[in-house]
Amino acid sequence: MMLDIIKLLPDSVANQIAAGEVIQRPASAVKELMENALDAGATQIDLVVKDAGKSMIMVVDNGCGMSETDARLCFERHATSKISKAEDLFAIRTMGFRGEALASIAAIAQVELKTRRREDEVGVKVVNEGSVVKEQTLVPMQPGTSFTVKNLFFNVPARRNFLKSAQAEMRHIVEEFTRVTLMNPEIGFTLTSDGKEVYHLYPGNLKQRIVGLFGSAYEERLLPVRQETDRVSIEGYIVKAEYAKKTRGEQYFFVNKRFIKHAYLHHAIENAFMEMVPQDSFPGYFLNIEVDPADIDINIHPTKTEVNFLDVKLVYAILHAAVRKAIGQHNLSPMIDFAESAELNNDFSTAMGMSQPLAIPNIPLDPNFNPFRKEQTPREPHYEGGYQHQRQEPSGDWRLLYGERTDLPTEDAKEAKPNCQYLQVNQSYIVTTVKSGLLVIDQHLAHARVLFEKFQKEMENHSGTSQQELFPQALTLNANDASLLKEMMPELENLGFDLEQANPTTFMINGTPSDAAGSDAVALLEKILDNYKLNRTDLQIDRKLNLAKTMASQLSIMPLTKLTEMEMQKLVDQLFACNVAEVAPNGKKIYIIVSIDDLAAKLNQ
Ligand code: ADP
Ligand code: MG
């Protein structure tokens with residue numbers, strides 16, 4: 001006799017299995033409950049947890065509340081007030097959207113719901129344990145809703161045992177709390193853990209919210225980012241490059257206020273920081289992208305934090321430009337006279353095929369004012385790897401930097417500069433006076449910045465000049481390195497290397513970049529190869545940046561090198577003609593200004 005072997009699972013088991021998808025740990029329940037409170041229009045949301053949420057999670061809101069019927073119904077699978085037709089799924093902007101969260105939580109925990117609508121006299125209390133309604137009574141209460149979730153996974157021991165340490169689970173909870181609260185700064189939140197208030201966030205703006213979450217030090221560290229086009233708008237803050245962290249921490253990226261992970265777009269941001277943040281550090285950011293929901297495809301899975309864009313390249317380009325702009329404005333800031341304004345050449349939006357022009361970055365300085373340059377060649381915007389860098393005019397306002405001297409006519413500035421005295425300290429630092437005090441420049445870092453920008457430009461314009469070697473040297477490599485060198489050949493040639501492959505593993509160095517004159521070409525190429533291997537990437541833009549970085553650090557004037565006054569003058573001149581004069585390609589500060597006040601304070605100590 002044949003036995004039927006297929007059995008239908010009892011509902012309770014089916015519910016538990018489905019619940020596992022939505023609720024993996026206490027933090028998932030926290031997220032769902034907080035998002036529901038937001039959807040209910042609450043202006044104050046309080047989260048209380050015990051034992052990292054393992055024994056209790058409570059979310060109290062002052063939102064719209066539920067009727068008595070809804071209070072029972074909300075625990076049913078696919079019970080939702082948010083979707084009635086399939087199309088709604090795509091237009092939905094609220095957070096949870098499948099009516100599954102509460103059903104899932106109730107399947108694996110003991111849930112007590114208290115809720116009252118403003119228009120009702122009393123509230124209702126519903127107790128649901130393992131999907132079974134255990135109690136329903138009327139209770140006096142303020143309008144709003146509170147969900148108390150006790151003993152998560154009480155009936156799924158395997159899951160319960162799978163939970164991590166209280167510390168780890170609490171970290172997940174704080175992370176979810178952070179994501180939700182960041183994008184809702186106009187709403188007040190608190191988080192209390194085992195009787196201690198961990199966060200008390202007052203309603204405010206995004207900056208205040210970041211400061212509330214991460215500490216008052218962030219007041220100084222944030223740079224605003226804002227970019228609007230008709231398809232995409234980006235708003236938020238980045239953390240100044242000098243505060244980049246050694247661990248990948250404060251990286252918050254949202255689409256329509258929903259936290260997502262997106263490696264490609266994350267790269268757009270990191271890339272914009274590239275030359276500013278040291279290799280082993282991670283830039284911080286808090287950015288929200290608003291797009292038409294029709295332009296994205298959110299993976300309709302409640303725990304997935306993924307989203308696909310119809311035109312991800314466009315978003316990449318806009319995001320990259322927005323972050324660059326923010327960094328650029330910051331780097332221009334400390335010494336700039338904000339009284340004047342200049343229109344920067346910005347053909348970005350037309351280049352990107354957008355009908356609406358992008359907002360022109362408002363960087364108020366006089367781009368034509370540079371007393372130490374004889375001629376001003378306007379820089380054209382240009383393409384690289386599918387998007388455009390925004391070019392900024394030389395930073396620093398020379399009038400503020402050099403005080404009185406700048407009323408000299410531009411033509412005479414060079415000749416007049418002997419007035420300006422440069423001292424070299426410890427054969428490593430260049431010191432000169434500026435209006436506000438003493439300017440102290442690290443010569444090695446300054447030169448690295450100058451060369452870095454020069455090499456980048458040369459690679460773009462194929463304009464590196466070459467110095468022919470009288471006696472070409474041979475560079476012999478292993479087969480692997482030889483093929484890497486071949487990969488890099490076009491860029492090396494643009495920089496002024498003249499290499500000829502003599503046999504599969506030997507290259508003749510017929511010429512070197514003029515800037516490398518007098519240095520050991522073989523050692524330089526070996527260093528370039530080493531760094532190339534370390535930072536190997538498929539992206540051409542990164543390859544170029546890495547190459548420029550290596551060359552710049554290898555060929556820049558070293559500390560403990562004596563410089564003449566003319567050399568110092570020229571270096572300072574070139575430094576302040578750079579796009580970014582403040583930070584070396586390795587992320588270090590190039591100069592400091594010791595203000596007269598600082599000096600006075602030191603002297604009067
Ligand atoms: P969804 O949020 O996808 O609709 P949920 O299971 O999270 O599904 O919630 C089911 C329904 O319960 C919601 O649609 C809403 O009508 C109601 N609800 C849940 N939480 C609250 C709350 N805090 N305040 C008011 N109504 C709520
Ligand atoms: Mg929900």
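## A pair within one helix

In which helix do Glu453 and Arg449 both lie? This is a predicted model, and in the model both residues belong to helix H15 (residues 443–461). Glu453 and Arg449 are four residues apart, about one turn of the helix.

The two side chains form a salt bridge, with the closest N and O atoms 2.9 Å apart. Glu453 has a relative accessibility of 6%, and because buried means under 20%, Glu453 counts as buried. Arg449 is buried as well, at 0% relative accessibility.

## Pairs between distant parts

Another salt bridge joins the side chains of Lys533 and Asp481 (2.9 Å, N to O). This pair links distant parts of the chain, 52 residues apart: Lys533 is in helix H17 (residues 521–534) and Asp481 is in helix H16 (residues 479–495). Lys533 is partly exposed, with a relative accessible area of 37%, whereas Asp481 is buried, at 11%. Elsewhere, salt bridges that share partners join Arg117, Glu119 and Asp120 into one network.

A search of the whole structure gives 15 salt bridges. One of them is between the side chains of Asp295 and Arg231 (2.9 Å, N to O). Asp295 lies in the loop between strand E13 (285–291) and E14, and Arg231 in the loop between strand E9 (222–228) and strand E10 (232–239), so the pair ties together parts that are 64 residues apart in sequence. Asp295 is buried at 15% relative accessibility, while Arg231 is partly exposed at 44%.

Helix H2 (residues 26–39) has 14 residues. From its first C-alpha to its last, H2 reaches 20 Å, close to the 20 Å expected at 1.5 Å a residue. H2 is mostly covered, since 12 of its 14 residues are buried; among them are Val30, Leu33, Met34 and Leu38. Just after H2, Gly41 takes a positive phi of about 80°.

In soluble globular proteins, nonpolar side chains tend to be buried together. The largest nonpolar core here has 60 residues, of which Leu47, Phe75, Phe147, Phe177 and Phe189 touch the most other members. H2 gives the largest share of this core, seven residues. The core draws at least three residues from each of domain 1 (11–201) and domain 2 (211–332).

## At the surface

Leu3, Ile5 and Ile6 make a nonpolar surface patch of about 430 Å². Ile6 is in the segment before helix H1 (11–22) and is exposed, with a relative accessible area of 77%.

Glu306 is in the loop between strand E14 (296–298) and strand E15 (307–309). At 41% relative accessibility, Glu306 counts as partly exposed. The C-alpha atoms of Glu306 and Lys261 are separated by 5.9 Å, although these residues are 45 residues apart along the chain.

Terms used
Residues are numbered from 1 along each chain as its sequence is written. Chains are lettered from A and ligands numbered from 1 in the order in which they are written. This is a predicted model: local features need pLDDT of at least 70, side-chain atom pairs count only at pLDDT 80 or more; totals for chains, interfaces and linings use all residues. Side-chain values use heavy atoms; hydrogens and water are left out. Helices (H or I, at least four residues) and strands (E, at least two) are DSSP runs, numbered from the N terminus. Buried means under 20% relative accessible area, exposed over 50%, partly exposed in between (1.4 Å probe, protein chains only). Patches are made of residues with over 30% relative accessible area and no salt bridge: like charges are joined within 9 Å, nonpolar side chains (Val, Leu, Ile, Met, Phe, Trp, Tyr) within 5 Å. Accessible areas come from the Shrake-Rupley method with a 1.4 Å probe; for residues, only the protein chains shown count as cover. A salt bridge is a side-chain nitrogen of Lys or Arg within 4 Å of a carboxyl oxygen of Asp or Glu. The expected span of a helix is 1.5 Å times one less than its number of residues. A nonpolar core is a set of buried Ala, Val, Leu, Ile, Met, Phe, Trp, Tyr and Cys residues joined through side-chain atoms within 4.5 Å. Domain bounds come from an automatic or database domain assignment.
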